[in-house]
Amino acid sequence: MKGICCLLIFALVATQCFGLYEADSKVVKLTKDNFRTLVLESNEPWLVEFYAPWCGHCKALAPEYNKAAKALDGIVHIGALDMTTDGEAGQPYGVNGYPTIKYFGVNKGDPIAYEGERKRNAIVDYLLDKAREFALNRLGVEIKPEPSNDDSKVVVLTDANFNEEVLSSQEAWFVEFYAPWCGHCKQLQPEWNKLSHQADIPIAKVDATAQTELAKRFNIESYPTIYFFPAGNKQNTHKKYEGERNAAALLKYIKEQRPVDGQSQKSGSDAVNIKSDESLNEVCKQLCVLGFLPADKVEQEDAVQILKKTALSLTGRANVGWFVGEQFDDFEAELNVIGEGYPQVVVLDLSAKKHYRFRRQLTVENLNEFVKGVIKKTETGQSFSNLPKLNAQKTDL
């Protein structure tokens with residue numbers, strides 16, 4: 001009787017030690033002791049799941065993973081490593097959530113994250129493609145990566161660049177927080193990519209399973225979670241998007257958004273005639289567009305109307321002001337305006353102490369495009385020290 005009890009206890013312990021996979025499974029049990037020998041020093045491809053036995057998603061994956069391993073037995077090695085007991089082996093591979101699945105191919109030092117469906121057929125298809133690449137590599141055939149079929153302009157955000165890219169920008173941003181394994185996120189991806197071509201603001205994404213600081217900061221509890229960050233001040237102004245997840249609905253939402261709550265339309269939607277330091281400082285509290293216009297009233301009025309329409313479209317992102325040309329010579333000289341005729345336009349960023357010369361035909365479309373380039377840092381500016389005060393200029397003009 002005592003012997004039978006011992007055998008039962010041993011069997012129970014053995015099953016528990018193996019975690020989600022039975023002893024007869026084709027899924028190879030990997031540990032901190034055998035991982036290097038079996039996987040890293042192997043001349044054969046491996047797919048490795050890093051998991052935790054208590055993880056619900058891992059439990060759901062186990063039967064599919066088992067069947068894929070059985071189908072690929074003798075073709076590609078499929079293994080699993082319990083991070084709760086042998087996490088030391090998985091630490092170098094950025095395992096921030098369970099399950100994390102990595103393909104160890106030709107370059108074992110740089111495994112590829114598996115982000116496909118967690119179904120047996122999808123896993124088998126993926127590994128057969130990889131096995132073909134692996135075999136061709138042995139023949140010395142260069143494998144060129146397939147071109148992307150989405151031509152995405154989506155900006156990838158991380159814990160490291162989020163503040164600089166989004167919160168420090170005057171531009172509005174639309175940001176998706178996603179998980180690579182999330183089915184709804186995969187359905188959204190082509191629409192999100194399409195939106196990145198259609199919208200006039202940055203469209204971005206954050207892998208919430210990898211960028212854990214951002215996920216915690218914005219209380220991301222489900223995927224995808226989409227936030228709209230309005231133009232201008234972004235301190236606690238972001239709004240959660242709850243609408244349909246197609247490009248048309250998303251684009252409509254962007255166009256419906258207004259400046260930051262509480263911001264006066266009047267303050268950022270008119271072109272101010274600057275005649276004093278006070279009005280200059282008011283206009284240039286944020287990024288400002290400064291027009292230097294001809295003295296001729298007809299030509300001047302045409303340019304003013306273009307600046308006013310531009311001001312309306314830039315509400316919340318930049319203010320617009322204008323001067324009569326040659327009224328403040330030293331000020332114009334500091335911005336390299338003198339000697340080129342009027343109208344001239346300069347975009348001024350006092351916080352960065354840079355100015356940007358606009359050299360295209362003065363139209364609302366051209367000026368809008370240029371200002372957006374300044375905001376997105378695709379335009380090249382010139383540094384300056386300190387601007388002279390307007391009231392120190394010549395008064396004999």
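This is a predicted model: local features need pLDDT of at least 70, side-chain atom pairs count only at pLDDT 80 or more; totals for chains, interfaces and linings use all residues.
Phe 162 sits in helix H6, which spans residues 162-167. Its relative accessible area is 0%, so Phe 162 is buried. Beyond its neighbours within four places in sequence, Phe 162 is in contact with Leu 157, Leu 167, Val 175, Leu 214, Arg 217, Phe 218 and Phe 229. Val 206 lies 44 residues from Phe 162 along the chain, and the C-alpha atoms of the two are separated by 9.2 Å.

Side chains of opposite charge can pair when their charged atoms come close. The whole structure holds 8 salt bridges. One of them joins Lys 130 and Glu 133, with the closest N and O atoms 3.8 Å apart. Both residues belong to helix H5 (residues 120-138). They are 3 residues apart, about one turn of the helix. Lys 130 counts as buried, at 15% relative accessibility. Glu 133 is partly exposed, at 31%.

A salt bridge also links Glu 282 and Lys 285, where the closest N and O atoms are 3.2 Å apart. Glu 282 is partly exposed at 46% relative accessibility, whereas Lys 285 is exposed at 64%.

Glu 379 pairs with Arg 360 in a further salt bridge, with a closest N to O separation of 3.0 Å. This pair links distant parts of the chain, 19 residues apart. Glu 379 lies in the loop between helix H14 (364-375) and strand E16 (382-383). Arg 360 lies in the loop between strand E15 (354-358) and H14. Relative accessible area is 26% for Glu 379, which is partly exposed. Arg 360 is also partly exposed, at 36%. Salt bridges with shared partners join Arg 360, Glu 369 and Glu 379 into one network.

How values were computed: Residues are numbered from 1 along each chain as its sequence is written. Side-chain values use heavy atoms; hydrogens and water are left out. Helices (H or I, at least four residues) and strands (E, at least two) are DSSP runs, numbered from the N terminus. Buried means under 20% relative accessible area, exposed over 50%, partly exposed in between (1.4 Å probe, protein chains only). Contact means heavy atoms within 4.5 Å. A salt bridge is a side-chain nitrogen of Lys or Arg within 4 Å of a carboxyl oxygen of Asp or Glu.
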